[in-house]
Amino acid sequence: IAEVGGEFRLLRILTEVRLNEPIPDTVFASAERIQVAPQADSAQTEFWQRYALVELSPREVEIYRRMDSIARQTEPLVHGVQSLLGGTFPLFGRFQRVNGVQLGVTGTVVLGWLESSAAVTYAFGRSAWEGWAELRGRVGKLFGNSFQLAARAFAWTEPVGWDRTYPEWLNSVLAALAHRDYYDWGYREGWSAAATLRRAKGRLTLEASRFRFQGLPAEVQRSIFLRKPFRENPHADDGHYWVGQIAVQWGEPTEGVELTVSSHQLRFGVYASAGLGRWQPYGSRTWQDFWAGLVRFQVELPTVSLGGYPPMKLRLWAELGRGRNAPFPYQFRLRTSSIVGRLGHCVTAPEGVYGGRYLVAWSLEHTFGDLWWRALGLPTVRGRGLELILGAAAAQLRDGVLYRETGRQWYSELFLGIGRIPVPLTELVVARATLGYGVGPLARGRWGGAVQLAFGF
């Protein structure tokens, strides 16, 4: 998905340099926060005249007085426009091996607590129109949680299975530039209705859907730089579907629940989803029942303190999936690397090969920090060197339709990562490079790699 817009930001980074001074651990304490009182922007002038830490000049007082008067005069007008015509109307674009280039427009209109959005697109690879329309409303509070209802009608090509790791705009870029289309695709036409409860970093969603599913062949014969067919798009179990689904999520490792364990901050996140449904193959009068469920768990735990530097970290990712009579659109697939790596994805595995109704997968990595780099006396950037990361990953998939099974064996690999690699022209982003080597009977001798970008703080 691509959106066309414009934005300009000016960022200034001020650095204070002190030589030969130890850095206290409190500098990196993640528990410290700066909190702004909710009434700070609405306090009376007399309050700031009495308690302001820095006295304002007469010119600054006049500037703020004018800004406040303008805000008071324009606020009703702005609010009215946002209520009646609020929203965005960006362009839409994506590229994959089934639809080829797909272009269109999307729109979002906000009317008070109600938000409506829609998309109309044309897929040049299939010479077909596609689109969707959605109505979403924030009803209010339920048991102290934010409560939201949504209804959606769609005629849309979307990824099949349970994996939605990579955003579609990134998949489009990699497909167009590197001839790598990560997902398998299917066309769905129907409707869905959902209710969502949100609180802090948790979310509970109940959804019911009715649609017809149709598998599609890979029609595209080239990307920008390569003129050759993409890999086949597997498809099976076309028909009519009724599905009810429940999903629960609580955070992620970097933004999930925090627990203090021996003065260390442990972070973890969990996601669980289960679906129960019926489907009827085209041309058949018989409905078949099925169910499928998935649980994914991630945890990050500091291991060794480095005295003033971010500690070493242990990260664990695990995923369990099971389905009974689950048709092809609800099977599990081995998570692989699409050039851009993620924890839990095997960098040596072939793309779109292994899958099934039974899944057990895990990935474990330990970040040793840049202690080894500084111990060797190698040059640093802003006082930091390259980080060393070692890890392993394995997965087992059985009972597959179209996908290859691993059986009772494991697809396993070991990997080495180098993190905090400086990126030219910016100090905000650093890179990570991962190199993996397959071990065991299924993966032995296979090599693979991936890159990642992250904020360098």
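Me: What covers the buried residues of α3?
Reply: The cover includes β2 (91-96), β6 and β7 (185-199). A word on the basis: this is a predicted model, in which local features need pLDDT of at least 70 and side-chain atom pairs count only at pLDDT 80 or more, while totals for chains, interfaces and linings use all residues. Residues are numbered from 1 along each chain as its sequence is written, and side-chain values use heavy atoms, with hydrogens and water left out.

Me: Which residues of helix α3 are the buried ones?
Reply: In α3 (residues 168-178) they are Glu-168, Leu-170, Asn-171, Ser-172, Leu-174, Ala-175 and Ala-176. Buried means under 20% relative accessible area, exposed over 50%, and partly exposed in between (1.4 Å probe, protein chains only). Helices (H or I, at least four residues) and strands (E, at least two) are DSSP runs, numbered from the N terminus. Just after α3, His-179 takes a positive phi of about 60°.

Me: What makes a set of residues a nonpolar core?
Reply: Its members are buried Ala, Val, Leu, Ile, Met, Phe, Trp, Tyr and Cys residues joined through side-chain atoms within 4.5 Å. The largest one here has 37 residues, and Phe-211, Tyr-241, Tyr-330, Leu-334 and Tyr-411 touch the most other members. Among the elements giving two or more residues to this core are β8 (202-215), β9 (239-250) and β12 (288-302). A second, separate core of ten residues includes Val-98 and Trp-185.

Me: Which residues does Tyr-330 touch, not counting those up to four places away in sequence?
Reply: Tyr-330 touches Trp-162, Arg-188, Phe-211, Tyr-241, Val-243, Phe-290 and Ala-292. Contact here means heavy atoms within 4.5 Å.

Me: Why is the pair Arg-296 and Glu-319 called a salt bridge?
Reply: The term needs a side-chain nitrogen of Lys or Arg within 4 Å of a carboxyl oxygen of Asp or Glu. For Arg-296 and Glu-319 the closest N and O atoms are 3.5 Å apart, so the pair qualifies. Arg-296 lies in strand β12 and Glu-319 in strand β13 (residues 313-324), so the pair ties together parts that are 23 residues apart in sequence.

Me: Why do Arg-296 and Glu-319 count as buried?
Reply: Arg-296 has a relative accessible area of 16% and Glu-319 has 2%, so each value falls under the cut-off for buried.
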